[in-house]
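Here is a short briefing on one protein chain. Look at the sequence and the structure, then work through the points by topic.

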Amino acid sequence: MRTPVADFIDSYIAGDGVRAHMPGHKGVGPLGIEVRDITEIAGADVLSESVGILGESQKNACTLFGTGATLYSTEGSSLAVKAMLYSVMMHWKQGVKETEYSRPFILAARNVHRAMLDGCALLDLDLEFIRSGQAHGLCSALVTAQEVEKSLKACGKLPAAVYLTSPDYLGVQSDIAAIAEVCHKYGTLLAVDNAHGAYLAFLEKSEHPIHLGADLCCDSAHKTLPVLTGGAYLHLHENIVSEILDSARKGLTMFGSTSPSYLILQSLDLCNEYLEREFRRELAECVKKIRQFKKAAGDRGLHIMEGEPLKIVIDTGASGYDGEEIAGELREFVYCTGGRKRSGIECEFADHHTVVFMMSPQNGPKDWNMMYRWLDRTRLRHPEKAFAPAERPGMEPAIRRMTIREAVFAESEVIPVREAEGRILAQETVSCPPAIPIAVSGEEIDGNMIRVFEEYGIRDVSVVK
């Protein structure tokens with residue numbers, strides 16, 4: 001497989017010409033990578049148009065992922081999420097007769113990334129939540145097909161799309177295939193924030209949302225693939241691509257920078273070659289190592305939460321320990337081998353009840369050796385009294401007083417959480433995105449929300465004046 005973006009830049013560097021164009025470093029600087037950092041010069045294509053080497057590279061990714069179309073983002077899934085929302089909104093408008101026109105809304109699981117809420121505010125989309133009884137703290141919201149169907153029936157009118165985050169931050173995966181079937185039965189789209197699951201397309205049996213029936217989804221390539229931070233994809237299913245591709249491109253252009261990073265674009269381009277050649281084998285080996293580690297942890301008395309293949313999620317609260325305390329233990333862990341000292345294991349996420357590790361094939365034998373050494377020494381092997389399960393919001397419908405857009409752009413003030421009961425939330429407040437919003441902009445703050453705010457250490461909130 002050709003790598004047209006990287007190949008073009010190799011040729012440009014070899015020419016050693018005068019860089020009388022942006023960026024200002026002119027290919028020279030202390031990082032040592034400036035030479036590969038260019039802008040949209042002649043021959044480099046333009047990301048918003050993608051008719052040259054960027055178009056070829058995106059077609060390569062489309063073939064590898066098995067989609068109807070795959071578009072690049074250099075601003076992560078945060079950009080792709082907003083483009084998804086714009087796409088489904090425009091698709092909805094095309095299908096609505098003028099006499100039936102009303103405000104579009106999204107039916108979503110509550111554990112949405114704040115980029116999704118920002119997108120709703122910018123596009124003036126309403127948001128209704130699927131009521132789900134299955135969640136773990138603020139970072140997980142498993143949704144069933146039955147719950148989606150019940151919510152669709154209760155809506156009275158069709159949403160522009162059903163929107164899910166799967167896998168979520170704790171690796172929990174909803175049944176995308178069954179939910180897609182329900183969505184299509186009722187005539188609406190399924191959009192999936194698959195930021196943590198780009199690799200799912202390359203498992204022995206694909207678990208990627210597009211292959212399971214989602215109409216569109218975003219992947220953060222940089223989260224699980226060897227891609228620079230900010231590299232992401234917006235995927236469209238072949239059954240919907242002719243209806244939505246133009247809107248998807250416009251959405252990426254509308255919300256994205258006109259100066260995309262060519263370092264990130266090269267990273268996405270070169271990743272295609274890796275995905276074609278080595279990734280499936282290396283991914284299978286990594287998944288096997290993770291299974292072995294989970295078993296070893298369970299054998300030592302740790303409580304492992306099951307979920308997507310590349311995450312290791314430890315329920316520290318079940319052993320009587322605060323996850324943030326264990327994250328500190330990990331950072332302080334020192335292991336000496338071969339006369340060399342290695343210091344610290346930095347986990348992906350920790351809260352009061354959990355610690356999350358995100359692994360990939362790029363974690364080598366030394367990393368795994370250190371992980372096992374920590375496993376032999378961690379205080380989690382000596383359990384104390386288990387914590388009570390974390391409280392979570394969203395079990396009862398919140399009272400909406402304003403639209404998301406009205407609340408976000410309203411005059412606001414910051415007040416102590418303890419004084420917020422009965423006030424309307426202005427700006428979103430979450431503990432760690434993508435997390436279940438304790439309250440969404442425009443909702444009235446109630447006593448349960450205040451208890452959850454305080455449990456997660458949030459002491460001040462922005463409310464409408």
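Helices (H or I, at least four residues) and strands (E, at least two) are DSSP runs, numbered from the N terminus. By that naming, Lys26 sits in the loop between H1 and H2. This is a predicted model, where local features need pLDDT of at least 70, side-chain atom pairs count only at pLDDT 80 or more, and totals for chains, interfaces and linings use all residues. Residues are numbered from 1 along each chain as its sequence is written, and side-chain values use heavy atoms, with hydrogens and water left out.

- Most residues other than glycine have a negative phi, and most peptide bonds are trans.
- Lys26 is not a glycine, yet its phi is positive, at about 60°.
- Lys26 is partly exposed, because its relative accessible area is 39%. Here buried means under 20% relative accessible area, exposed means over 50%, and partly exposed lies in between (1.4 Å probe, protein chains only).
- Asp45 is in the loop between H1 and H2. Its phi is also positive, near 70°, and Asp45 is not a glycine.
- Is Asp45 buried or exposed? With a relative accessible area of 10%, Asp45 is buried.
- Pro23 belongs to the loop between helix H1 (4–15) and helix H2 (53–65). The peptide bond that joins Met22 and Pro23 is cis, with omega about -5°.
- Thr39 has its place in the loop between H1 and H2. Thr39 counts as buried, because its relative accessibility is 18%.
- Which residues does Thr39 contact, leaving aside its neighbours within four places in sequence? They are His21, Met22, Pro23, Ala44 and Tyr262. Contact means heavy atoms within 4.5 Å.

**Helix H3**

- Helix H3 covers residues 76–94, which makes 19 residues. From first C-alpha to last, H3 reaches 28 Å, close to the expected 27 Å. The expected span of a helix is 1.5 Å times one less than its number of residues.
- H3 is mostly covered, with 15 of its 19 residues buried.
- Ser87 is part of helix H3. Its relative accessibility is 0%, so Ser87 counts as buried.
- Beyond its neighbours within four places in sequence, Ser87 is in contact with Leu216, Ile244, Ser247 and Ala248.
- Trp92 also lies in helix H3. Trp92 is buried, because its relative accessible area is 13%.
- Trp92 and Leu158 are 66 residues apart in sequence. In space they are 9.3 Å apart, C-alpha to C-alpha.

**Aromatic rings**

- A pair of aromatic rings is described by the distance of the centres and the angle of the planes.
- Rings of Phe, Tyr and Trp (its six-membered ring) pair if their centres lie within 6.5 Å. Planes under 30 degrees apart count as stacked, over 60 as edge-to-face and the rest as tilted.
- How many aromatic pairs does this rule give? The count is 9.
- Why is the pair of Tyr169 and Phe349 edge-to-face? Their planes stand at 85°, with the ring centres 5.1 Å apart.
- This pair links distant parts of the chain, 180 residues apart. Tyr169 is in the loop between strand S6 (161–165) and helix H6 (176–186), and Phe349 is in strand S14 (residues 349–350).
- Tyr169 counts as buried, at 7% relative accessibility. Phe349 is buried, with a relative accessible area of 7%.
- The rings of Tyr274 and Phe279 have centres 5.5 Å apart and planes at 55°, so this pair is tilted. Both Tyr274 and Phe279 are buried.
- Ring pairs join Phe65, Tyr72, Phe202, Tyr233, Tyr274 and Phe279 into a cluster.

**Packed helices**

- Two packed helices are described by the angle between their axes and the distance between the axes.
- Helix H10 (residues 279–299) and helix H12 (residues 365–377) pack at about 10°, with axes 11 Å apart. Axes are lines fitted to C-alpha atoms, for helices over the stretch in contact, and angles run from 0 to 180 degrees between N-to-C directions.
- H10 and H12 are therefore roughly parallel to each other. Angles under 35 degrees count as roughly parallel, over 145 as roughly antiparallel, 65 to 115 as roughly perpendicular and the rest as oblique.
- Among the residues making the contact are Phe293 of H10 and Trp368 of H12.
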